[in-house]
Amino acid sequence: MEACLLYRYRADTGPVVHEMTRAGKGGPVRAERLTRPAVRVHRIGVATAMWLVILAVCIAADVRPRHVTVNGQVISLRRQMTVADCAQAVGITRQAGDLVSVRGSVLLRGGGQGRVMMRNGRWCRPQERVRGNDSIFIKPADDVVEPTTETARRLSPVPCLPDGKPIAWRGRLAVHGLQRVSCGQISGLVGTVEWCVAQPVVTWKKQQEHPTVALTFDDGPHRTYTPQILDILKRYNAHATFFVLGSLAKARPDLIRRISAQGHEIGIHTWRHARLTRLTAAQIRADISRCAAVLAPIIGAGGPRPRWVRPPYGAINSSVRRTLQEMGYRVAMWSVDPDDWRRPGAEAIYRRVMARVRDGSIVLMHDGGGNRSQTVAALARIVPELQSRGYRLVTMSQQAGLVPIFEGEVIIQSQQWSLRVRPVSGEMKVFVDGKPVKLQVPPVTTGKQIMLPIDPLLKLLGASYVYDAEGETLRLTTVRGTLLLRLNSQRANVNGREVKLQVPPILYQDSVMFPLWLMANSCQARVRYDEREQVIEFTSYMSSQVEAAVIAWQPTEVKLHPMPDIAYVAWSAGM
């Protein structure tokens, strides 16, 4: 029997459905009108069949998304796939790294950093299921190195001639190399060893192209005036010879050590200013030997033993000279005497020295024996004036050609880098917010870079710092964040991130020297450098804010924004 549905539409009754049947081929056709419920059943059946057909076609065509992206790599999606399965598919199998020592050995399995998983930009768990077209990012697990402790020790300088040839030296040059050792706090193993060598460049008297003058000071050391004289000499990188009384040296060993540490020479001026021509040879030997016995432990084993004896009052005869020579000493006289001990006034002392000085002159002055404020005031003018005329201020032994002359040039060399540091020729004037700044150590140059002592400039620019002598590090806090700087090392930490500096801060003349542009940028200060006039002018950050507020005639809101870490790398490149 065959059957079909016949749909008709009548204007009076609406749509009418008839079921047409025929019993066999060629048989009569029979029409039977269907009721409304039957029509509804047929419609549902037809719609269901149509949807089943569409679903079958979709499954056959596989039109659903079947891929996910893991760390930029497209992989096929499997049923019930999780984020952990995605990590397995790209080869990230470790769930956590290890805690390792500074040598790389494992201290604790799984004690490192775990892997990090993100799905479509959100943090997710490893068991979370993924769907087609998902973007998965998985950061692999990483090992964590144990915390370390850094210690540093100063290395003795290795003097060399201008051609780089090493030369024997007995004495202090006030420059040092550094060796920095990193040790694991858990394992105790030594990790990295970083070193740099300081090579002072020295020349002999006969190799000098400039005239020399030897400044000498008698009757000290004095508690008040000797430190003032040392400050002046340090400021201009000048050297002198101090003829000390044995009794005062015993009472004030700290001043003797400071004289030696700054590279000056120490001579003997008897125990209590005795007139040697009135003493026997035995008494002279006893007096000088007593002084030498006091000075030797103060100066230390690395310091030079005194070579010179200056007889008080200039009293000398053949017997005294012969006795001193037999003891291995040289007699130190003078060629310029401004009579400063008479206190004729600072102007008179200055004029007498400048009028009589010549190449090879030995100038007699006093740092003890009374009020020497006039001598100090005159010296503050004498030293820069002699240097401006081309004179090199040296010690007695350097003047006589017994030891080489050190003028401040140092080669600082490490495993990866090398710097040649030279004192700035002439007097450099430094201003902060329009006010002159008195520097205790003269600026130096490293090629095109100017380096300045941190004290007192950093504080004047609004920064605070802590110097760690044990690790030879400087922790600097400024408006731009926190800097951890290692002296004589290119490694630095800026806001917790390690960066590399092309010109690092260095240890020079027992002071920390900072690159000019690194100092200005770290303190967010403006700087102007006039090379011709030898002038450096800083405008501090707070002063700049005040200027901006005055110009705008309205309150200025000070916002402290950390600077990108990578900028510190470029600061030392000479911007």
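**Close-up views of a predicted model**

**View 1. Pro221 sits in the loop that links β15 (212-220) to α3 (225-235).** Here, helices (H or I, at least four residues) and strands (E, at least two) are DSSP runs, numbered from the N terminus. This is a predicted model, in which local features need pLDDT of at least 70 and side-chain atom pairs count only at pLDDT 80 or more, while totals for chains, interfaces and linings use all residues. Residues are numbered from 1 along each chain as its sequence is written, and side-chain values use heavy atoms, with hydrogens and water left out. With a relative accessibility of 1%, Pro221 is buried (buried means under 20% relative accessible area, exposed over 50%, and partly exposed in between, with a 1.4 Å probe and protein chains only). Contacts here are heavy atoms within 4.5 Å. Leaving aside residues up to four places away in sequence, Pro221 touches Thr226, Val244, Leu248, Ala249, Arg252, Leu255, Ile256 and Asp367. For one of these, Ala249, the C-alpha lies 6.7 Å from that of Pro221, although 28 residues separate the two in sequence.

**View 2. Helix α3 is largely enclosed by the rest of the structure, because eight of its eleven residues are buried.** Follow the helix to find these buried residues: Tyr225, Thr226, Pro227, Ile229, Leu230, Ile232, Leu233 and Arg235. Their cover includes β15, β16 (241-244), α5 (253-261) and α9 (373-388). Just after α3, look for Asn237, which takes a positive phi of about 55 degrees.

**View 3. Strand β17 (residues 265-268) is covered on both faces.** Glu265 and Gly267 are buried on one side, and Ile266 and Ile268 are buried on the other. Two strands count as paired if DSSP finds at least two bridges between them. For β16 and β17 there are four bridges, in the parallel sense. Val244 has Ile268 of β17 as its bridge partner.

**View 4. Leu364 is a buried residue of strand β20 (residues 361-366).** Its relative accessibility is 4%. Beyond residues up to four places away in sequence, Leu364 touches Thr216, Asp218, Arg310, Trp334, Val336, Asp337, Pro338 and Asp340.

**View 5. Five strands form an open sheet in the order β28-β29-β30-β31-β32, with antiparallel pairing.** At the edges are β28 (464-468) and β32 (497-500), each pairing on one side only. From one strand to the next, the twist averages 20 degrees (axes are lines fitted to C-alpha atoms, for helices over the stretch in contact, and angles run from 0 to 180 degrees between N-to-C directions). Within the sheet, β29 (residues 473-478) and β30 (residues 481-486) run antiparallel and are joined by six bridges; Arg475 has Leu484 in β30 as its bridge partner. Four bridges pair β31 (residues 491-494) with β32, again antiparallel, and Val494 stands opposite Arg497 in β32. Two residues lie between the strands of this β31 and β32 hairpin, where Asn495 takes a positive phi near 50 degrees.

**View 6. Leu107, Leu108 and Ile186 make up a nonpolar patch on the surface.** Patches are made of residues with over 30% relative accessible area and no salt bridge, joining like charges within 9 Å and nonpolar side chains (Val, Leu, Ile, Met, Phe, Trp, Tyr) within 5 Å. A salt bridge is a side-chain nitrogen of Lys or Arg within 4 Å of a carboxyl oxygen of Asp or Glu. Leu108 belongs to strand β7 (residues 106-108) and is partly exposed, at a relative accessible area of 48%.

Terms used:
Accessible areas come from the Shrake-Rupley method with a 1.4 Å probe; for residues, only the protein chains shown count as cover.
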